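Have the structure open while you read.

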Amino acid sequence: MNSAARRIGRTLALVLPVVLVLSGTLAVTRVPWSSTATDSQVLTASSGKALTKTAVRAPEEALRKRLLVELQEKDPGVALTHLQEATTKRPSLAKHCVSIARDLGRAAVAKYGAAHRAQAFSRPVCDTSFATGVAAAQ
């Protein structure tokens, strides 16, 4: 009797944590953190008509455009700093950080005409994506 109870106890000790972790993970994936673009609508005050989110500029595209303008007006270092701040403030932009940093690298090479001048502004934002963009523009 004692060995059967010990065996059941060991089995529960191994299986129960796995079951709890899996059920917790599945519960978190079911939470609607954000609605899908097709479900949500934005109502503008001036038009009185509902527009889907796809008709409005995506936040990552607005950030990309703003940072590219900032790079042309100032320097790539300022744009990379603001990219880091934006991804820290809005974690949903982090998945677009790599492509934005690459675009900034290409634009920096186009602005300065030489990769070594653009590379001088490199920062560890989004791994080495800025450097990858600089290298791709050569």
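## Helix packing and a few residues

Let's start with helix H4 (residues 97–112) and H6: their axes come within 7 Å and cross at roughly 45°. Axes here are lines fitted to C-alpha atoms, for helices over the stretch in contact, and angles run from 0 to 180 degrees between N-to-C directions. H4 and H6 are therefore oblique to each other. On the wording: angles under 35 degrees count as roughly parallel, over 145 as roughly antiparallel, 65 to 115 as roughly perpendicular and the rest as oblique.

A quick note on ground rules: this is a predicted model, where local features need pLDDT of at least 70 and side-chain atom pairs count only at pLDDT 80 or more, while totals for chains, interfaces and linings use all residues. Residues are numbered from 1 along each chain as its sequence is written, and side-chain values use heavy atoms, with hydrogens and water left out.

Back to the pair: H4 passes H6 in a right-handed crossing (left-handed if the near helix is turned anticlockwise from the far one by less than a right angle, right-handed if clockwise). On the H4 side, the residues involved are Val-98, Ala-101, Arg-102, Leu-104, Gly-105, Arg-106, Ala-108 and Val-109, and they meet Ser-129, Phe-130, Thr-132, Gly-133, Val-134, Ala-136 and Ala-137 in H6. Sorted by class, that contact has 9 nonpolar, 4 polar and 2 charged residues. The classes go like this: Ala, Val, Leu, Ile, Met, Phe, Trp, Tyr, Cys and Pro count as nonpolar, Asp, Glu, Lys and Arg as charged, and the others, Gly among them, as polar.

Ser-129 lies in helix H6 (residues 129–137). Is Ser-129 buried or exposed? Ser-129 is buried, with a relative accessible area of 6%; buried means under 20% relative accessible area, exposed over 50%, partly exposed in between (1.4 Å probe, protein chains only). Setting aside neighbours within four places in sequence, Ser-129 is in contact with Val-98, Ala-101 and Arg-102, where contact means heavy atoms within 4.5 Å.

Next come the pairs that involve H2. Helix H2 (residues 59–73) and helix H3 (residues 76–89) pack at about 155°, and are therefore roughly antiparallel to each other. Their crossing is right-handed. H2 brings Leu-63, Leu-67, Glu-70 and Leu-71 to the contact, and H3 brings Pro-76, Val-78, Ala-79, His-82, Leu-83 and Ala-86. By class, that makes 8 nonpolar, 1 polar and 1 charged residues.

H2 and H4 are roughly parallel to each other, and H2 passes H4 in a right-handed crossing. From H2 the contact takes Glu-60, Leu-63, Arg-64, Leu-67, Leu-68, Leu-71 and Gln-72, and from H4 it takes Ser-99, Ile-100, Asp-103, Leu-104, Ala-107, Ala-108 and Lys-111. That contact has 8 nonpolar, 2 polar and 4 charged residues.

Here are the packing values together.

| Helix pair | Angle | Axis distance |
|---|---|---|
| H4 and H6 | roughly 45° | within 7 Å |
| H2 and H3 | about 155° | 8 Å |
| H2 and H4 | about 25° | 10 Å |

Now for Leu-80, which lies in helix H3. At 0% relative accessibility, Leu-80 counts as buried. Beyond its neighbours within four places in sequence, Leu-80 is in contact with Leu-104, Phe-121, Ser-122, Arg-123, Val-125 and Phe-130. The C-alpha atoms of Leu-80 and Cys-126 are separated by 9.5 Å, with the two residues 46 apart along the chain.

What about ring pairs? Rings of Phe, Tyr and Trp (its six-membered ring) pair if their centres lie within 6.5 Å; planes under 30 degrees apart count as stacked, over 60 as edge-to-face and the rest as tilted. By this rule the count comes to 1 aromatic pair. Tyr-112 and Phe-121 form it, stacked at 5.4 Å centre to centre with 20° between the planes. Tyr-112 counts as buried at 18% relative accessibility, whereas Phe-121 counts as partly exposed at 25%.

Zooming out, the protein has 6 helices and 2 strands (DSSP runs numbered from the N terminus: helices are H or I, at least four residues, and strands are E, at least two). From the N terminus on, the elements run α-β-β-α-α-α-α-α. Of the 138 residues, 24% count as buried.
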